[in-house]
Amino acid sequence: MEVIFKNEHLEVLYTSGKSSKYKKVPAQVVRKFPMAVRILQQLKVIQDIWRYPGYNFEKLEGTNQYSMRMDRTWRLIMEIDWTNEEKTVGIIGLEDLSHHYQ
């Protein structure tokens, strides 16, 4: 799938490994983040994400957003613009990296 960064700080974090906005993100989350992006890019259909159960991919209740677990408390938040009626293929827009229990 195509992945776009809707948040420029996420793109900086992806390319350089650090970002002023995400300076409090734990090192293990920063290391896991690029791998998560590469996995999303390799997906043919969204159901392929189930091969990676540790990411606990889920739709966020009451929103049009989805999340992937980076660790126990940090989540990668995204929106998907579906390109087919079955809602299996889309463009994944990365929105934020958030502390779930803030």
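User: Hi! Where does Leu43 sit?

Analyst: Hello! Leu43 is in the loop between H2 and strand S2, which spans 58-59. Keep in mind that this is a predicted model.

User: Thanks. Is Leu43 buried or exposed?

Analyst: Leu43 counts as buried because its relative accessibility is 3%, and the cut-off for buried is under 20%.

User: What is it in contact with, leaving aside neighbours within four places in sequence?

Analyst: Leu43 is in contact with Met1, Asp48 and Ile49 once those neighbours are left aside.

User: Switching to helices now. How do H1 and H2 pack?

Analyst: Their axes are 9 Å apart and the packing angle is about 100°. H1 and H2 are therefore roughly perpendicular to each other, since angles of 65 to 115 degrees fall in that class.

User: Which residues make the contact?

Analyst: From H1 you have Leu10, Leu13 and Tyr14. From H2 there are Val30, Phe33, Pro34, Val37, Arg38 and Gln41. By type, the residues of this contact divide into 7 nonpolar, 1 polar and 1 charged.

User: Nice. Now rings: how many aromatic pairs does a search of the whole structure find?

Analyst: The search finds 5 aromatic pairs. One of them is Tyr14 with Phe33, an edge-to-face pair with 6.2 Å centre to centre and 90° between the planes. This pair links distant parts of the chain, as Tyr14 is in helix H1 (residues 8-16) and Phe33 in helix H2 (residues 27-42), 19 residues apart.

User: What are the accessibilities of the two partners?

Analyst: Tyr14 is partly exposed, with 22% relative accessible area. Phe33 counts as buried at 0% relative accessibility.

User: How about Trp50 and Phe57?

Analyst: Trp50 and Phe57 form an edge-to-face pair too, at 6.0 Å centre to centre and with 70° between the planes. Trp50 is exposed, with a relative accessible area of 54%. Phe57, on the other hand, is buried at 9%.

User: Which residues do ring pairs link into a cluster?

Analyst: Trp50, Phe57, Tyr66 and Trp82 are linked into a cluster by ring pairs.

User: And which charged ends sit over rings?

Analyst: I can give you two. The charged end of Lys59 sits over the ring of Tyr66, 5.3 Å from the ring centre. Over the ring of Tyr55 you find the charged end of Lys32, 4.8 Å from the centre.

User: Last one: where is Ser67 found?

Analyst: Ser67 is in strand S3, residues 65-69. Ser67 is buried because its relative accessible area is 2%, against a cut-off of under 20%. Not counting residues up to four places away in sequence, Ser67 touches Asn56, Phe57, Glu58, Leu60, Arg75, Leu76, Ile77 and Met78.

Terms used:
Residues numbered from 1 in each chain as written. Predicted model: local features only at pLDDT ≥ 70, side-chain atom pairs only at ≥ 80, totals over all residues. Heavy atoms only, no water. Phe/Tyr/Trp six-rings, centres within 6.5 Å; stacked < 30°, edge-to-face > 60°. Helix = DSSP H or I, 4+ residues; strand = E, 2+ residues; numbered from the N terminus. Buried < 20%, exposed > 50% of the residue type's maximum accessible area, 1.4 Å probe, protein only. Lys NZ or Arg CZ within 6 Å of the ring centre and 35° of its normal. Axes fitted to C-alpha atoms, helices over the stretch in contact; angles between N-to-C directions. Parallel < 35°, antiparallel > 145°, perpendicular 65-115°, else oblique. Contact = heavy atoms within 4.5 Å. Nonpolar A, V, L, I, M, F, W, Y, C, P; charged D, E, K, R; others polar.
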